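Hello,

Here is the structure for you to look through. My notes on what was found in it follow below.

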Amino acid sequence: MSDHPIPPDHADPESGERRILSPGSPNPRREFLRSAALFTATAGALGGGLELLTRRPGGPGSAEAQGAAFTRPARPLGPYDTSEAVTPYAQATSYNNFYEFGTDKSDPARMAGSLKTRPWTVRIDGEVRKPMTVDIDTLQGWFPLEDRVYRMRCVEGWSMVMPWLGFPLAALIRRMEPTSKAKYVQFTALLDPKQFPGQRQPVLNWPYVEGLRLDEALHPLAFMAVGLDGRVLPGQNGAPLRLAVPWKYGFKSIKSVVRITLTEKQPQTTWALAAPQEYGFYANVNPAVPHPRWSQATERRIGELGRRKTLPFNGYAEQVAGLYRGMDLRRFF
Ligand code: MTE
């Protein structure tokens with residue numbers, strides 16, 4: 001990444017070096033308790049999210065159990081879930097990429113206390129019949145919340161298994177009523193250098209922006225997360241609203257979204273702007289196409305020793321390969 005000072009892999013992807021701090025993040029349970037009212041308000045609409053209200057101290061995923069690996073969510077797995085061992089909450093919330101807080105993996109957990117996630121509004125605009133600015137609590141109240149246990153593969157060569165709570169992006173897009181011109185979806189993260197110390201440095205073009213083709217966005221796997229492991233999403237993981245597209249490299253899954261815009265033209269995306277020779281718009285997980293500076297053939301699952309093979313489309317090929325039929329995936333990387 002010659003023209004860019006800080007690659008997303010400022011850490012060594014091959015070394016296996018992890019710098020996991022004790023979770024110095026704001027106490028997620030306390031934040032959940034503060035926010036419980038908002039979930040209670042939508043409880044009628046909650047599906048798997050009801051778990052949020054019924055977790056007991058000491059139960060799976062409780063603060064007490066933090067750090068202990070657990071292998072199954074406390075519910076039957078759904079058609080979109082992986083049955084692989086879930087990454088322990090303490091690790092999923094202390095080893096993060098969120099450059100608005102800094103470029104070190106430990107910065108987001110340390111700094112996320114400065115992020116104020118209420119009040120929070122999301123602007124919905126562009127090629128939609130109903131442009132609007134909506135409060136996050138209203139927005140998430142529109143949809144029954146679902147659990148989704150997804151693999152997440154970072155372009156740097158590490159991966160996690162994340163138990164998200166949220167709603168399908170397709171449900172939101174349908175509600176936005178796209179016009180016939182809508183072909184893409186652009187997502188914009190919060191721009192606020194007061195809250196995001198990383199934005200005081202020109203490390204990336206701020207705000208962080210991402211995008212999907214409309215048919216990708218409408219795929220049932222494309223998900224908007226508002227919770228993690230049955231709790232309100234911690235700041236370091238992208239509170240209060242983040243994208244989760246499990247068949248693409250993690251940088252597509254933009255955090256702390258404030259704007260969703262339907263567009264006619266392919267939108268700009270942060271990492272493709274920063275280093276177009278290294279990061280494309282599509283960013284589908286593809287072990288056959290190496291990053292210019294490292295192989296993508298294997299990955300290190302956080303919490304495991306050694307490396308495992310990376311799967312095409314991160315193991316979701318059966319569901320999503322059809323979206324790219326006829327496309328040269330080396331050219332559209
Ligand atoms: N979203 C924003 N706004 N800023 C970022 O720096 N980093 C991306 C993505 N979303 C990033 C972001 C990258 S590179 C990855 S791998 C994932 O978030 C990491 O998500 P996690 O920390 O929840 O595991």
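**The largest cavity**

A total of 24 residues line the largest cavity, and Asn97, Phe98, Gly250, Phe251 and Lys255 lie nearest its centre. (A cavity is a set of points, on a 1 Å grid over the protein atoms alone, where a 1.4 Å probe fits but cannot get out; lining residues have an atom within 4 Å of a point.) This is a predicted model: local features need pLDDT of at least 70 and side-chain atom pairs pLDDT 80 or more, while totals for chains, interfaces and linings use all residues. Residues are numbered from 1 along each chain as its sequence is written, and side-chain values use heavy atoms, leaving out hydrogens and water.

The volume of the largest cavity is about 340 Å³. Here volume means the space filled by probe spheres set on the grid points, which are joined across faces, edges and corners. The structure has 7 cavities of 30 Å³ or more.

The lining of the largest cavity has 16 nonpolar, 5 polar and 3 charged residues. (Ala, Val, Leu, Ile, Met, Phe, Trp, Tyr, Cys and Pro count as nonpolar; Asp, Glu, Lys and Arg as charged; the others, Gly among them, as polar.) Strand β4, residues 158–168, gives the most to this lining, with 3 residues. (Strands are DSSP E runs of at least two residues, and helices are H or I runs of at least four, numbered from the N terminus.)

**The ligand**

Where does the ligand sit? It is in the largest cavity. (To sit there, more than half of its atoms must lie within 2 Å of the grid points.) Around the ligand are 17 residues, and the closest are Asn96, Tyr99, Glu100, Ser253 and Lys255. (Near means that a heavy atom of the residue lies within 4 Å.) By class, this shell has 9 nonpolar, 5 polar and 3 charged residues.

Look next at the polar contacts (pairs of N or O atoms within 3.5 Å). The side chain of Asn237 has an N or O atom 3.0 Å from a ligand oxygen. For the side chain of Arg242, the distance to a ligand oxygen is 2.9 Å. Ser253 uses a backbone N or O atom, 2.9 Å from a ligand nitrogen. Taken alone, the ligand exposes 540 Å², and the protein buries 99% of that. (Areas come from the Shrake-Rupley method with a 1.4 Å probe.)

**Backbone points**

The peptide bond from Trp206 to Pro207 is cis, with omega near -5 degrees. Pro207 is in the loop between β5 (184–189) and β6 (209–213). The bond from Ala239 to Pro240 is also cis, with omega near -5 degrees.

Best wishes

Notes: A polar contact is a pair of N or O atoms within 3.5 Å; within protein, one must be able to donate a hydrogen and the other to accept it, and residues adjacent in sequence count only if both atoms are side-chain atoms. On a 1 Å grid over the protein atoms alone, a cavity is a set of points where a 1.4 Å probe fits but cannot get out, and a pocket is an open set with protein on both sides within 12 Å along at least five of seven lines; lining residues have an atom within 4 Å of a point.
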